[in-house]
Amino acid sequence: MADKLLKMDDEDVKRAYARWAPVYDKTFGKVADAGRMAAVECINQFDGSVLEVGVGTGMSLPHYKTSLEITGIDLSVDMLDIARKRVKDQKLCHVAAIEEMDAGDMAIEDNAFETVVAMYVMTVVPDPMQVMKELARVCKVGGEVIVVNHFSQKHGLRGLAEKAMARFGDKLGWRPEFPVETILVCDDLQVIETVSLRPFGLFTMMRFKKVDLAKSNVICDEDEVKNTKAGLRVA
Ligand SMILES: C[S@@+](CC[C@H](N)C(=O)[O-])C[C@H]1O[C@@H](n2cnc3c(N)ncnc32)[C@H](O)[C@@H]1O
């Protein structure tokens, strides 16, 4: 799967978002509002700490309920500067930290956050599979990982358009061709809800619950246990 994805590196991303940052909120940022609001509405039903990965210019930050404790990380200093200004100007006291950090290698301990969310990020990061593993790692067992993203179609007009746009991915700063299977790489993340979002179902919100594999697995009869590598099977 990784080989089929457009190769982008950290420098491509930083260059692309240095160009996007000044106009982001009024262009893609606006188009992406419905998905952002759907995720925030969902998260506002939870309590505790939230890690927003790829927080960008921080468009979501004013919309979280103030009893949550939000940490935002991003690779682009140009996007982060705008997020920090927003936090300061709007006195967003529920934002605990805004940090420059690579989502593929986060300086965050395991099981640190109740909720981890990545909105419009997975198509952009250089290594989406590695980022997905990081999202799972820093989420507490029983917590949720929420991903809002565009997933490409294999067929139809949209599939053709996505294929045609794919070659401009490094200029766009995201991958038009991005099958959903790319992010289904973590055994400890169970899909609990998939929601197709406006406009035109172009974006999807996926909610995953982090499970403790050792506890959620059912040990079956002795023969079966011997026949499985880890002595466990997924329930
Ligand atoms: C399309 S923007 C989405 C911003 C924000 N989530 C929103 O809803 O508006 C994608 C963001 O992901 C960030 N990003 C890309 N690769 C990253 C990485 N490896 N680590 C952290 N952030 C990354 C970009 O810098 C950019 O701010």
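Contact here means that heavy atoms lie within 4.5 Å of each other. The structure is a predicted model, in which local features need pLDDT of at least 70 and side-chain atom pairs count only at pLDDT 80 or more, while totals for chains, interfaces and linings use all residues. Residues are numbered from 1 along each chain as its sequence is written, and side-chain values use heavy atoms, with hydrogens and water left out.

## The sheet

Helices (H or I, at least four residues) and strands (E, at least two) are DSSP runs, numbered from the N terminus, and two strands pair if DSSP finds at least two bridges between them. An open sheet of 7 strands with mixed pairing has the order S3-S2-S1-S4-S5-S7-S6. Its edge strands are S3 (95-100) and S6 (189-197), each of which pairs on one side only. Neighbouring strands of this sheet are turned by 15° against each other on average, with direction ignored; for such angles, axes are lines fitted to C-alpha atoms, for helices over the stretch in contact, and the values run from 0 to 180 degrees between N-to-C directions.

| Strands | Bridges | Direction |
|---|---|---|
| S1 (residues 49-53) and S4 | 4 bridges | parallel |
| S4 and S5 (residues 139-150) | 6 bridges | parallel |
| S5 and S7 | 7 bridges | antiparallel |

The bridge partner of Glu52 in S4 is Val117, and the bridge partner of Val116 in S5 is Val145. Ala118 stands opposite Val147 in S5, whereas Glu144 stands opposite Lys209 in S7.

## Helices beside the strands

S4, helix H5 (residues 128-138) and S5 make a right-handed β-α-β unit; right-handed means that, with the strands pointing away from the viewer, the path from the first strand over the helix to the second runs clockwise. Helix H4 (residues 77-89) lies across S2 (69-74) and S3, and runs at about 165° to S3. H5 packs on the sheet as well, touching S1, S4, S5, S6 and S7 (203-210), and its direction makes about 145° with that of S5.

## Buried and partly exposed residues

A residue is called buried under 20% relative accessible area, exposed over 50%, and partly exposed in between, using a 1.4 Å probe and protein chains only. In strand S4 (residues 113-119), 6 of the 7 residues are buried, so this strand is largely enclosed by the rest of the structure. S5 is mostly covered too, with 9 of its 12 residues buried. Lys140 has its place in strand S5, and at 29% relative accessibility Lys140 counts as partly exposed. The C-alpha atoms of Lys140 and Val211 are separated by 8.7 Å, although these residues are 71 residues apart along the chain.

## Aromatic rings

Rings of Phe, Tyr and Trp (its six-membered ring) pair if their centres lie within 6.5 Å, and planes under 30 degrees apart count as stacked, over 60 as edge-to-face and the rest as tilted. By this rule the count comes to 5 aromatic pairs. In one of them, the rings of Tyr24 and Phe28 have their centres 6.0 Å apart and their planes at 50°, so the pair is tilted. Tyr24 is buried at 9% relative accessibility, while Phe28, at 25%, is partly exposed. Phe28 also forms an edge-to-face pair with Tyr120, 5.5 Å centre to centre and with 90° between the planes. This pair links distant parts of the chain, since Phe28 belongs to helix H2 (residues 28-31) and Tyr120 to the loop between S4 and H5, 92 residues apart. Tyr120 is buried, with a relative accessible area of 9%. Tyr24, Phe28, Tyr120 and Phe203 form one aromatic cluster.
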